[in-house]
Each structure stands twice: as structure tokens, then as C-alpha cells.
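Please read them with the structure open beside you.

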Amino acid sequence: MQKFISLITLLFIFTISTAQNKLGNPEVDPIQIQKTFSDWSVYQSKNIMLSRDFTALDVLSKEISKETFLDQLANGNFIPVRLKSEPNIYVYKLFKIQPKTDTSIKATINQIGFDAYKNFKMEGTAFPQFSFKDLNGNLVTNESMKGKIIVIKCWYIHCTPCIREFPQVNKLVEEYKDRKDIVFMSLAEDSVEQLKTFLARKPLSYSVIPDMKEYMNNALQLNSFPTHFILNKEGMISKVLPNFESLEVALAKESKL
């Protein structure tokens, strides 16, 4: 009987060990990338996409929900690091921020985590009621967009990151030009006159809806730009995204559903 129990114990340990090995090691040294703000920031921006679907692990490698993971990034003392895995498998693990680490790393990751948590909580909810007129006088409403995937870019003229991604989002519109069930529109804070002058120099392939500052502040409660939304064909928010890179990934997935 004792031998049987010992065998079960060994099998259990082997199973746990094998599972941990499958997860892989961190793709970078979590301590080393905290040496400077620049090292961490470059890694974070290039390798961590909190809007994507990923397996979330706590500091003990225990699987937790994405919501809990983002909440801990927003309110705790952690950075996320991807574990080595197959190219299309994403496993992010929390690592403690070291005592002597630049305090701006914690402040920045708390803000990133807060924004990602807020975006995540919006997903699966109905997009607020709207009735917009774009720069060409076309009326767009929740009802008129039913049965279509809607891609929405929220921006304003003086937002440098918003403008920087114009060539990329224009290319995305071109890529999906034959999909009549996908609509690209943008909400801009600026007036009709300001937008017409600006877009004459820097074209945007989305339909553009002016004077949306109040709507974005109150109905959407945005505090970060650009912000992208993908609405599914039922008018529900499928994804809320902080940049073009995450938008491209999410739209590719949504367009196949």
C-alpha cells in the first residue's frame, strides 16, 4: 500500500513538473529588463499585447483569469513577461518589480494595466447608442450598422500616435475593401473645418465623424488615444484596442467568425 502511495506521489510530481516545463522559461530575464526604464519599455511595447487572447499566470505559475491578471498589473507591483512557447501560443506571467527598479516602470505599467483592464471590461457589452453624420453627410446609427462588423478609430488632430498609424490603418482598409460586411469609421474630437483642412494633407480612408469629444468623454469614457473598437454583427463590443498592431490581430480573428 505504501509503495502504491509513493508511486502516485511520484506520478503527481512528474505530471506537475512536465506541465511546468511545457510552459517554457521567460523569453527574457525579468530582472535584467528592469535595469533601465528604456530596456523595459522597449520589451513591453514590442512583445506584450494585453488586448490579445493569452494564458495568464501569477508569480507562482498558477493560471489565473485575464481579468485578475490585468487587475494585478493595474494595482500591484508586477510586470508581465511572455514565456517561451510556440509562435501562436501566448503565455504571460507576472514577475515582481525589484525594490531598486526605476519607479517610473511601476507607474507606467500600472497605467497600462488600468487602461487594459478598463478596455477588457467593456468587451461583451453593447456599444452606446449613436446617430452620427460623417464629413460627407452620411447618417450612421446603431440600427443601420446591424449585420456588419464595425471598426472604429477614436482620435484627434494633435494626437501624434493617432496620426502616426494613418498609413497602417489605411492599408488595413485596402486589405478588407472587398468585405462589404466590414465598415471602417472614425470618431474625431475636432470640428468639420479643422478636419477638412487636416485630412487634405493627411488622408484617412475611414469615414470621419467630427465633433465627437463629448461623446468619447462621456459615453465611451476614453482617456487614452488612439483607441480602437471592433463591434460584432450584433452591435456588441468584441474588442477594445490601444494601437494598430493589436487591431490588425483582432480584426483578422473577428473577420473569420
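1. D211 counts as partly exposed, because its relative accessibility is 49%, where partly exposed lies between buried, under 20% relative accessible area, and exposed, over 50% (1.4 Å probe, protein chains only). D211 belongs to the loop between β9 (207-209) and α8, and its phi is near 55 degrees, a positive value in a residue other than glycine. This is a predicted model, in which local features need pLDDT of at least 70 and side-chain atom pairs count only at pLDDT 80 or more, while totals for chains, interfaces and linings use all residues. Residues are numbered from 1 along each chain as its sequence is written, and side-chain values use heavy atoms, with hydrogens and water left out.

2. Q221 lies in the loop between α8 and β10 and is exposed, with a relative accessible area of 51%. The loop between α8 (213-218) and β10 holds P226 as well, and the peptide bond leading from F225 to P226 is cis, with omega near 0 degrees. As background, most residues other than glycine have a negative phi, and most peptide bonds are trans.

3. In helix α9 (residues 244-254), the buried residues are F244, S246, L247, A250, L251 and E254; helices here are DSSP runs of H or I with at least four residues, strands are runs of E with at least two, and both are numbered from the N terminus. Viewed down the axis of α9, these buried residues fall within an arc of 150 degrees, so they line one face of the helix, the arc being that of the directions from the helix axis to the C-beta atoms. They pack against β7 (149-155), α6 (166-175), β8 (182-188), β10 (227-231) and β11 (237-241), with contact meaning heavy atoms within 4.5 Å.

4. An open sheet of 4 strands has the order β2-β1-β4-β3, with mixed pairing. Its edges are β2 (63-64) and β3 (78-82), each with a single partner strand, so one side of each is left without a neighbour in the sheet; two strands pair if DSSP finds at least two bridges between them. Strand β3 runs antiparallel to β4 (residues 91-96) and is joined to it by 5 bridges, with P80 opposite L94 in β4. Helix α2 (residues 37-47) packs on the sheet and touches β3 and β4, its direction making about 55 degrees with that of β3; axes are lines fitted to C-alpha atoms, for helices over the stretch in contact, and angles run from 0 to 180 degrees between N-to-C directions.
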